[in-house]
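Thanks for making the time. I have one chain to walk through, so please look at the screen.

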Amino acid sequence: MATARLILLLTVAAAAAGSCCFCSAQEVIVGGVGEQLATAPPAAPAPSPPPPYCGSVRTAVEAHNIIGWKTVPADCAEYVSDYLTGERYGRDSDVVINEAIAYAESLKLSGHGKEIWVFDVDETALSTLPYQAKHGYGTKPYDHASFVQYVAGGSAPALQGTLRLYRRLLQLGIKPVFLTDRTEDQRAVTTHNLLLQGYYSWEKLLLQPVGLQTTTQAFKTGERQKLVSAGYVIIGNIGDQWSDILGSPEGYRTFKYPNPIYYVA
């Protein structure tokens, strides 16, 4: 009788296990009565969000409080990606451009045609974001060969805010001058890229001599001095690096375009 009762209990338990609608999907009854429920391994945890200090680092970089840095912290890659591809980068850039346009519109020009506005190229007039997206958004050390290859493609898109400023300056009679640390052997592709993206009628395109051994800031400061010596009046200067806009003569007003990806001295 005891044996028959045990067989009946096992049969009922097995039937209940096969039809139980209250058991979770992760629970499976194994063996007979009294054995433990085996639980499937838990799902992998969701990726952690970027650490909160990444935004503070970006602010310190833009304010020139952090200098000489080589790469973005690896755990801030997602933050930088979200910033550049989301709405915030566009809003921050528009604030800079709107201020620059308002300033330009407030000026009374001499009428001599010598007022110029200096523009940097990469990350100011043209964006290298397609390249940066494939190279870790600044978390990897700068690779000169791959960047030169990207430039040679001549496909860098325009930063639309800068293009808006550029066109307004032409309407006001202010002549644009491009001043870049791209080198002379990149003149043709740079000219083609700028024209392709809607930039035209510039006064000068100044590039760095091949093999020049100096800092970007020293080169650009020297070129601006040559412009002033030639009778030009630099009424505005915009760049994404502090080295674009520091060093006398900077211009009557300077504007710093946001760039959290890399630092150029």
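Among contacts between residues at least 6 apart in sequence, 70% join residues at least 24 apart. Keep in mind that this is a predicted model. The chain has 10 helices and seven strands. Of its 265 residues, 39% are buried. The chain exposes about 14500 Å², and carbon and sulfur atoms supply 59% of that area.

Now the disulfide. The count for this chain comes to one. The partners are C54 and C76, with their sulfur atoms 2.0 Å apart. This pair links distant parts of the chain, 22 residues apart: C54 sits in helix α2, and C76 in the loop between α2 and α3. What is the handedness of the bridge between C54 and C76? The torsion about the S-S bond is about -90°, so the disulfide is left-handed. Are the two cysteines buried or exposed? C54 has a relative accessibility of 2%, and under 20% counts as buried, so C54 is buried. C76 is also at 2% relative accessibility, so C76 counts as buried by that cut-off.

Next, a pair of helices. Helix α4 covers residues 87–105 and helix α7 covers residues 160–172. Their axes come within 9 Å and cross at roughly 5°. Angles under 35 degrees count as roughly parallel, so α4 is roughly parallel to α7. On the α4 side, the contact is made by D94, I97, N98, A100, I101, A104 and E105. On the α7 side, the contact is made by G161, T162, R164, L165, R168, L169 and L172.

On to helix α9, residues 216–229. Does the length of α9 agree or disagree with what its residues should span? At 1.5 Å a residue, the 14 residues should span 20 Å, and the end C-alpha atoms are 20 Å apart, so the length agrees. If you count along and get a different number, the expected span is 1.5 Å times one less than the number of residues. Which residues of α9 are buried? They are T216, F219, K220, T221, E223, R224 and L227. Please note that K220, E223 and R224 are among them. Just after α9, G231 takes a positive phi of about 100°.

H64 has a positive phi of about 65°, although H64 is not a glycine. H64 is found in the loop between α2 (53–62) and α3 (77–85). With a relative accessible area of 26%, H64 is partly exposed.

E123 is a residue other than glycine with a positive phi, near 70°. E123 lies in the loop between β3 and α5 (129–133). Its relative accessible area is 4%, which means E123 is buried.

Last item, the cis peptide bond. Which residues does it join? S248 and P249, with omega about 5°. P249 is found in the loop between α10 and β7 (254–256).

Definitions and conventions: Residues are numbered from 1 along each chain as its sequence is written. This is a predicted model: local features need pLDDT of at least 70, side-chain atom pairs count only at pLDDT 80 or more; totals for chains, interfaces and linings use all residues. Side-chain values use heavy atoms; hydrogens and water are left out. Helices (H or I, at least four residues) and strands (E, at least two) are DSSP runs, numbered from the N terminus. Buried means under 20% relative accessible area, exposed over 50%, partly exposed in between (1.4 Å probe, protein chains only). A disulfide is a pair of cysteine sulfur atoms within 2.5 Å. Contact means heavy atoms within 4.5 Å. Accessible areas come from the Shrake-Rupley method with a 1.4 Å probe; for residues, only the protein chains shown count as cover. Axes are lines fitted to C-alpha atoms, for helices over the stretch in contact, and angles run from 0 to 180 degrees between N-to-C directions. Angles under 35 degrees count as roughly parallel, over 145 as roughly antiparallel, 65 to 115 as roughly perpendicular and the rest as oblique.
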